[in-house]
Every structure is written in C-alpha cells, then in structure tokens.
Amino acid sequence: MKKNTNNTENTNTNTNANTNIKNNISKQLELAKDLKQLEQVRLNFLGKKGTITLLNKEIKNIPTHERKNYGEKVNKLRQHFENIYNAKKNNLEETHLNKALNEQTLDTTLPGATFGMGLGAHHILTRVYYELLDILISMGFEVVDDREVEGVFYNFTALNMDENHPARDEHDTFFFDDNTVLRTHTSSVQIRHMLKNKPPIAIVSSGKVYRSDYDATHTPMFHQIEGLVVDKGTSMAEMKGVLWELISTFFGRKTKLRFRSSYFPFTEPSAEVDMACFSCNGSGCRLCGGSGWIEVLGCGMVDNEVFKHVDYDHTEYSGFAFGMGVERMAMLKYSIDDLRLFYDNNYKFLNQWRG
Amino acid sequence: MLVPIKWLNSFVDTRDIPFNELVDRVSECGNEVDSVAEYPCQGVVTALVESKVKHPDADTLAVCVVFDGAQRHNVVCGAPNVDAGQIVAFAPIGAKLPEMVLRKVKIRGIESQGMICSKGELGLPVTDESEDGIWVLGTHTHDTHTHDTHTLGTSSNNNGDAETVPLGLDVAEMFAIGGAVLDIGLTPNRGDCLSIRGMAREVHAIFDTPMKHAYEDVIASMPEASQSIAGGVPTYTVEGGAADRYLLAKVAGVSVGESPTLIQARLHGCGIRPINNIVDTTNYVMLELGQPMHAFDADHIEGDIAIRLSGEGERVVTLDGAERSVPAGVPVITDAKGIIAIAGVMGGLRGSVSSSTTNILLESAVFPPSLVRRSAKVLGLSTDSSHRFERGIDISTTDVALRYAIALLNTDGAEYAYCNNAGSEFVLPPKPVIQFDEEFIPSLLGADDITHEQITANLEKLGYGVARENGRYAVTVPYHRMETARYSADIAEEVVRLYGINNLPNKLPKLFAKATTLPQGFQDRRNISSALIHQGFFEIITYPFIKSETVTLFAEKRGTELEPMTLRNPISEDMKVMRTTMVANLVTTFVANFNQGVRWGKLFEFGSVYRHENNTTTQNNNSSGEGMKVDEEPRLGLLAYGDEHFATYPFTNKDTKTEVQFFVLKGVVTRVLAALGADAEFNTTDTPDFLHPGRACNVILKGKFPGGKEGVVIGIIGELHPNVAKKCDAPDGVVVAEIYTHLATSLIKKRVPKFKTFLRTPDIRKDITVVVDETTPFGDLVQTISKVKLGNGLKVVDVYLIDEYRNEKVLQGKRSITIRVMLNARESTPTDTHLSEGMDRVVQALADSNNAVLR
Ligand SMILES: [Zn+2]
C-alpha cells in the first residue's frame, strides 16, 4: 500500500515535473532567436548537464520495475524536444540563409576575370586556312605539304612556264640563284606529289608563297590553297561542282558564282571564278569596282604539258586544278579592307579574332 | 587594251546589244572588261559663228552670235582665233564636257549662252602647242546658192579634202569619238584580240552578228602601184630566219602633216598620242588590224636592206635617242651603213621619219615570237609592236595591212611601189589541223547535252574549219590562232568559252569516296596552337626574310654563325636574308606594339627557319632546275612579357602583380609539349648567346628514342640578353622560347595515348618543409624523392612545389622549400605508422643526398 502510494505520489510528482519540463522546452525553444541561442537551448536540455540528460542519468536510481516506464517518459521528453528543436532549427537556418543570400550580392556587370590567363587567338589567316582545309578534307582531298625554297623546274618549267615566261623575271620572283627561288605558288608541291604518286589523286597543297611585289595591294608573302584532282574521265563539270561546294560552304549557300574563261600556263581550258558582290548584290559598287562581281579564284583543266613533265599519260587521264589566295578569302569573308593589316601584327587587329 | 566602241561598231554592229550584256558576255568568254570609260562629251554640236563683236567691257573678249541650224545663241568667247564664218564645235547650255556642265553665265555683264570649244575642252588630243584657241571645223563657203553648206577641213593644216558640214550635228557622233571605251584585260594567249578587228571577231562569234570589213573598200579604191617610181626601190634579203614574212613598199611624195580628225580621235581613244600622218597611219593600221608597221625615211636609207640576226659588237641609236649595244642573235633591219631597226621592237634614229620626209619605206612583217621576246628582254625594251609580235600575229594579214597603210597615206596622189616584187614568191604555210576523238570535248567538259552541231557551230564562228569523220574531229586552225591553238585542249577551250562554263552542270568526282584526315604535322600544329590560345597567346605571321644584322644578333653562338640564305633580289636590305630563328620577328612585333604603349606580350608564331643543307654555303651542281639543297625546319617561337593578368581584369593589385618571368613561359612550354603527348626536362648547359646567361635553359625531350637518342634538345627558353634587348629597343625582362617542333614531333613516336591502369584508392598528401643551400636546385630534391624506397607498399605518386622562402637575415645563404609529396599504396590503405615511416625515409634521403634539414 505504502509502496503503492509512494509510487503513485512519485508518479504524480513525475507527471507534474514532466509537464513543467515540456512547457519549459516549448518556451525556451520558442524564445531562441538565432542558431546560437538555439544551440544554447539544446545544451540546456541535451548537453552534459542538460535537463533531459540528467533525467536520463537518474534512471539508475529508479526501481527496476519502474525503469521501463520512466525510460519511456524521458524518451518522450527527448522526442518532444527534438521535434520542436528540429523544426525551429530548420526555420532559423532558412531565415539565416535568406538573410545571407540577401547580403551576398555581386555587381555582375563588372568585367569577367581571367582565370590565370585570358583567351588568345589564331591569326585570322590561320583560321581561314583551316576553314578552307576542313571543307576540302570533308570532300576527300588529301592535304600535302612541301618546301618553300624551290627549284625552278618545280616552280616554273614543269608548270609550262619556260625560261621566257614573264613570271620568271626578277621583278616578279625572289631568286637565291639562277635555279633556286622562293616558290611563287604552291603548284610546285603538286608537281612533287605527282612525280611521286600515280593517279588517281585528289590533293590540296597550301602555305606561304612569295612574289617580289610590295605595295598597298601586294605583300611579298601571301598564302595559297590549291587543289588538284587527276583521274580517268575527270571533267570540267566536276571542277565546277567541287568549287561550288567549296565557295558556297565557305561564304554561305546564297553565294552566286560566275565562271569566266581565262588563261593560265598550266591549265587549258582555264577559268576565273567571280562571286556576286555581297556588298551591292551585283548592281555595282566601290568594293567590286562597279562590275558587280568579285574575283575569288582561278582554275582549269591540267595542261598536257604539265602531265608530260610528271609522266602522266594525258590520253588516259585528265585533271583539274584550282587555286586561291587565303588573304583574299579572309578579306572578303571578314570585311578586312587593308591587306597590310595581316602582316602588321598589331594587337588591336590580332585580338579581334578570338573564339 | 582600249577598245572604243564606235570603232568596234565599224566592224560589227553592237548597237542592238544591251551594253551590260556586251560587257558581261565578252568578259565571260575570256576577255575580261576591266573598266568602261564613257566619252565625256554630250550635246556638243556643229554651229556657225555668224558675227563677232568686241566685248564692250573687255579687250580680250568677243561677243559672238552662234547659229546651230535651229537657234541663235549669244556667246562670250575669249579665244583669239574665233571669227565670223567659222564652223565650230559649240556647247549650248546643258551640254556636258569632261570638266563641266554648261550653265548660263554672265561674263563682264553680258550673258553667255554656251561655249565655243577647243579640242582640249572636248577631251581631244592637242597635237600642236600653237593650236591654242577654238577648234575650227570648217569655214562658211560664201556660195550664194547653197547657204546651208559649209566646208569641213581637218585643221589649219588642211590638206584639201573638204566636205560639206551641216549645222547642228553631234560633234562626238560625227567624228566617231563618242561612246564608251572598253578597257579589256587580255590574257597572254589572246594575241589575236590585240586589234579592233580581233575584238570584233570575238563579238561576232559571241553574238552571231555579221562582220564588215570597211578597210577592204579603202584598199580596193587605191590606184595601181607605179612601175617606175622616182629614185627606184631598194631590194632586201631575209637571212637566218630573222623574219617569217617580210614586205616593204616605197611611197613617194608624201607630205608630212596632221592626220584626219577621225584617225586622231580613234588613236586618242586607244590611248595613243597622234604625232603626224605617217606615224599615225602605222599605229592606226596596227590598232585596227593587229599588224605592227614601221616607216623609214627612204632618203636616209643607204643601199639595199638585209633582215638578219645581229653579230657581235653592233650598235644602234634607237628612236628614243638611246644608244644601245645590240647583243648577238637579235633580229635587225640593216642597210649599207648598219642597223636601221631592231626588228619588231623599235626603229633606229637614222632613217626615221621627220617633218621633212617626202619618200618613205613602209614595212609590214612577221618576226618569230621567240626571237622578238628574246630581243625585247635582252634590250629591256617593250613596245606595242614587240608586245604583238611576242604573242604571235596573223601571217595572212601582212600584205593586207601594207596595202591598207599605203591607201591611207596615198590620199593626195603620191606614188607607191613594192620592193622585191611585192614578195610574190611567198607562200602561206599550211593551216595546222588538230585531230581528236569526237567524245573528247564532251567528256573533258563533262557536258552531257552538248551536241556535235554546237561544237561545230562554235568553232566555225571563231574561224576554224571543222570536219568530223569516223568518230574523229579534224579541226583546221585559222592563221590568227596559229600561235595559241596547238592541242585538242585548246580547241576544247574555244568550244567551252562560247558554250559558257556557267552552263556546264555541277558534278562531283567519284574518287571522293576515300576518307582523309589532316596530316599529323598539321594536327600537331593545331593542337599546339589551341593549347597556346587557351593560355592567352596570340598567333602572329611575319615575313621570313629579315635584315642580315638581325640574323647575326640572334646567332646561337656569336662568331661561329653560318652564312644565311640570301635573296639575290630582295625588296630591301631589311628583307634580304632568310631567318635562322623564330625569335627575332617575335621581338620586332612585340616592340612595334610596345612602342604604341602596350605593356604586355603573349605571342607565338609557327614558321620555318632556313639554312643551306648540311650547313654548306658553297653550292654545286645547281644547274638542273632542282634548286639549292636547303634545310627548311618548321619551328614554334614564343614571347612573353608583362603582367600575367595584363589589364584584362581591372582589380589586379598593382603592388602584388607578378611580372611574367621565365617560369610563366616555362609552364607554357611544358603544356605545349603535353599537348603533343610528351614530357619535358630542362638543363642550363650551353644556352644560346642571345639569351640572358643566368636566366635561360634548354628544353629536353624526356625519354629514349629510336637510335638510342636520349637527352635531345628540342628548344630553348630564356630572358632576352640585355644587350640584345637594347639593340632591338625592347625593355628588359622579355622572355622568349623556341621549340624545334619538327624535331620534337619526329621523335615522339607514341602519338596514340594508351590507357594505363591507376590506383583507385585516394592519394595521400604529405607536406614537408626543408632548408637547403640556396644553390641546391629544386629539381635535385624532386629526383631524390622520386627514388626513395618508402616500404610497406607505399609509393610516391607526385611531387609539387608548395612554397619557396628566401630571407638573407634569417636563412643566410639557404632557402626554405615546402614540398608536397603525394603518396599511395599498391595493396591496401596505408596505416598512419606506414605513412610516417615512409616520410621519415624521404627526409633522411633529402638529408643524405641534398644536405636538407627538416624545419
Ligand atoms: Zn559591289
């Protein structure tokens, strides 16, 4: 009986204390204004000397048969605390974050910083050069390369330009000695390739070429890309098809082309290709000199004399060749109005071609 | 070539062809019209000066009444030669002259309703300086019966042929001086178009308009040749193949004077200055028919004439007054006293036509193109005549042209006679015949729908004879194309230019089914440049020829440099020698920008350096056209200068900014090699003289290579030597590098990276700080650490530099270096004990090998 009473009393006391603690938990958590105060409240209850911690430690003084009941009650208290605490913590954290987000703003209109170093650029000629090569490679041309200091046989003779040809004059060509020149075109590369390979061939030669000419519209060095296809039955219509693909891919599909009969020593028949002036659309303006057309490249069917020099049988094979100046293509596509800009290497020019 | 459209129209009427179409089609068919000049006079008419009175307020001015057949105009005129009764070229209000459009003006209070024009004001050639004042076209004949008829004279030096001139005629129209002048850029293979007749033939073929040959009427109307001309005629001989055809005629009793206005105006339209009737006639015939002519003063020619090749030591004073020594083998015209002309190029001063000439010898000939080309070249002379002979002229025109010239000169009853019996023994060579398979042209052109009828018609319009039999064409070449139509491809060209290349279909070659990629060398270059661009570098492109002093300045070993390759005909001394290093032009480019206030430099260039092969300077056996043996070595040059962040970010702290030093470029070079899949090592032995000796190193390719190659130097990095910098006007601290990309890529064989398995456990990081002698290289410490056996399956994965600290007061000749060692274990996760044991061994090894003391 006594024990019972005691027990009951004890339980009653406990019940009251329980309610007090619960209220206290709610009140203290309610009052916590920030994460720091909240942490203090947590320590008040769950820290080493916290109310709930102490209650938990009491368990050893509780009679064995009541321990389960006691333990459950303390656990419920802890759960009660944690429920409110977690909600409060989430709440305070969100408030804190929102406050921080409000404060942590950037002036995003300041310029972008360089990470280590900024972006550089290819020279525009290199860029155009790759643009053109990529198109030609996609069509099946093989890219070949050879020397710049060239013998007159490869640069002239084999291309049907004999000793009397005006291009062999010192006013036009740089000479090291009577037989050695800086190549005046990359056709010499084609000759070397043909001497080493039998048809069928489809090659592109490209690179620096040199002419002894220096004024507003001529630089002593410029860049060329030249194509050559030799096979049985190769025709002028195929040349037209290839050049149309090349030019219209480079400049855009709306491009209009005009083939004009012309003359080169190494091709027969020969032609020059004009593009409808993109500035005036063909009606004539200063850019196109009033004609409505802009010359973009030269081309033609490989001359028999050239085939003879490389020991190709012209009765069995025919071929076409074409060549263009990279500078000219760059000027037309990127609206560059002065040839000399390419070789001045002014930073203000160089840094226009990033990306 | 300049082609006045009205002159062209005298052969082939183009008036019904829209002008744009004419220009476009002529261009497309192979004779590009470079530009079109319009004759600038419009609305100028013939008019009669009815009266002339002195201007009341000006002594030098006159007030005239001018009648144009419909209206009378009051005109104030300042020309001293104006007079009543003259027929003049009158520009009324609204007329257009080259320099102005006529407006109503008041001159000294009197209104002037137009202008009486001089030749100059009309844009016509003024041949005679004394010919100031207005152009008098004729005078009023005081014929009481025909009041509206007036006499037309060509000038004050009127040679008597007067015509009646109606008033109110368009002056430009009347003298055929109006209309457009086409400037045609003829290609070297179109010698046949170097005449008005030749261009007319072209227009005729393109537009199918009929040809007229007015000159034939002129020839037909000339009198017979004299059988006995005063003074007789010389005879001539052609020796040594100096001429393919030669004709000479004597015209006696010519009076030298001005040519008729029509001839003058046409010459002027073709850009040739009229001189006198004899010279003008030879030029006129050349321009119209394409046959160069020459006139000698017959009274200054001694004895008979020989057309032969020059011998040694002959001299001549040419028409331009220059005394020339004529090399042997040049075709010349000679008389008893020596050379009187360089055949087809220029006449001699002796025997030339002057104002006192009365008897002339007219030459019409064909000289071999190769001989004329050679003599023009060796004499350094190029004339309208040599230009035509070099390109080949029509051998069937020689006699026609001669008769035409005689007819034009023979207007006042002068006598003429042919030398050598008019060359009647001459037989025209057979026309060449070109044969080819009938499928050749359609197949070469790729024209599926071209018919044999079209092919035949196009060729016939161009003057070819066409026969087609047994599946083959036999095409006969006309004389005017003999020099240039030699092969079947030439015939195909004639066909396609009229057919129109634009009308061919677009096809693609069948062999394009083969796939290709960019060759390795191009790919390497692309990889390297993209690595550089992403590190902020800009590519430049420069000329490979530089000043020879620059080559010396940038010699690797001063004093032992080899003879560079030198251009025989450079643009200038600054562009004379082929570069032997990529560095020089990078510095020049940087300095040019530096001088414009730029304070950074991050540049690279791909290009070749050039040397005589095997470093030989003596060239032998170089006569075959093969050319010299040359080493062209592709290299990469780099330059860095200035603030690493160089002003692209505004907040760079000026006090803490790091100058781009050696190490930035070293890092760049390391990454460039990484882009090639190679690792670099560096040493400092024997760096080039143009670099700072204490701030330079060699770049060495890590690894062993075929042929036992090891430790191959593939480049250099360093600060420019202060002396070199000074000579280049460069600031101190410019860092340059040169990578021998060709050598490097030829050695790096493992171009395809292979997957290597890696330890999946995370690497463990251990930092240690040691104090070493200031002179102990960091690289040595790395070497030591890499070789340490750590035990317990541990291994060193990587070694980094974390910090370097120097402080003379504290460390006294030593420096403190913090190193990060990355460790991993082969088998299992290492224990703390294993790790500290391993690091102890590292510290011990550093102490043993490098005298390092742990801090
Ligand atoms: Zn235009």
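This is a predicted model: local features need pLDDT of at least 70, side-chain atom pairs count only at pLDDT 80 or more; totals for chains, interfaces and linings use all residues.
I will start with where the chains meet. The contact draws 74 residues from chain A and 80 residues from chain B. On the chain A side, helix α8, residues 236-251, gives the largest share, seven residues. That side of chain A consists of 36 nonpolar, 24 polar and 14 charged residues.

Next, a pair of helices within chain A. Two packed helices are described by the angle between their axes and the distance between the axes. Here the pair is α2, residues 35-46, and α4, residues 64-103, of chain A; the angle is about 165 degrees and the axes are 10 Å apart. Because of that angle, α2(A) counts as roughly antiparallel to α4(A). The crossing of α2(A) past α4(A) is left-handed. From α2(A), the residues that make the contact are A:L35, A:L38, A:R42, A:F45 and A:L46, and those from α4(A) include A:F81, A:Y85, A:L92 and A:H96. Sorted by class, this contact has seven nonpolar, one polar and four charged residues.

Now over to chain B, and its own helix α8, residues 369-379. Which residues of this helix are buried? They are B:P369, B:L371, B:V372, B:S375, B:A376 and B:L379. These residues span an arc of only 165 degrees around the axis, so they sit on the same side of α8(B). As a reminder, an α-helix has 3.6 residues a turn, so residues three or four places apart point the same way. Among the elements of chain B that cover the buried residues are strands β21 (323-326), β22 (331-335) and β23 (338-342), along with helix α9 (384-391). After α8(B) comes B:G380, with a positive phi near 65 degrees.

Last, some backbone details. Most residues other than glycine have a negative phi, and most peptide bonds are trans. Chain A has a cis peptide bond from A:P199 to A:P200, with omega near 0 degrees. A:P200 lies in the loop between α7 (187-196) and β5 (201-210) of chain A. Another cis bond runs from A:E268 to A:P269, with omega near -5 degrees, and A:P269 is in strand β8, residues 267-276.

As for phi, A:D311 has a positive value, near 65 degrees. A:D311 belongs to the loop between α9 (304-309) and β10 (318-325) of chain A. Is A:D311 buried or exposed? A:D311 is exposed, with 9 other C-beta atoms within 10 Å. In chain B, the phi of B:N421 is positive too, near 60 degrees. B:N421 is in the loop between β26 (415-418) and β27 (433-437), and B:N421 counts as exposed because it has 9 C-beta neighbours inside 10 Å.

Methods
Residues are numbered from 1 along each chain as its sequence is written. Chains are lettered from A and ligands numbered from 1 in the order in which they are written. Two residues are in contact if their C-beta atoms, placed from the backbone, lie within 7 Å. Helices (H or I, at least four residues) and strands (E, at least two) are DSSP runs, numbered from the N terminus. Ala, Val, Leu, Ile, Met, Phe, Trp, Tyr, Cys and Pro count as nonpolar, Asp, Glu, Lys and Arg as charged, and the others, Gly among them, as polar. A residue is buried if 20 or more other C-beta atoms lie within 10 Å of its own, exposed if 12 or fewer, and partly exposed in between; C-beta atoms are placed from the backbone. The arc is that of the directions from the helix axis to the C-beta atoms. Axes are lines fitted to C-alpha atoms, for helices over the stretch in contact, and angles run from 0 to 180 degrees between N-to-C directions. Angles under 35 degrees count as roughly parallel, over 145 as roughly antiparallel, 65 to 115 as roughly perpendicular and the rest as oblique. A crossing is left-handed if the near helix is turned anticlockwise from the far one by less than a right angle, and right-handed if clockwise.
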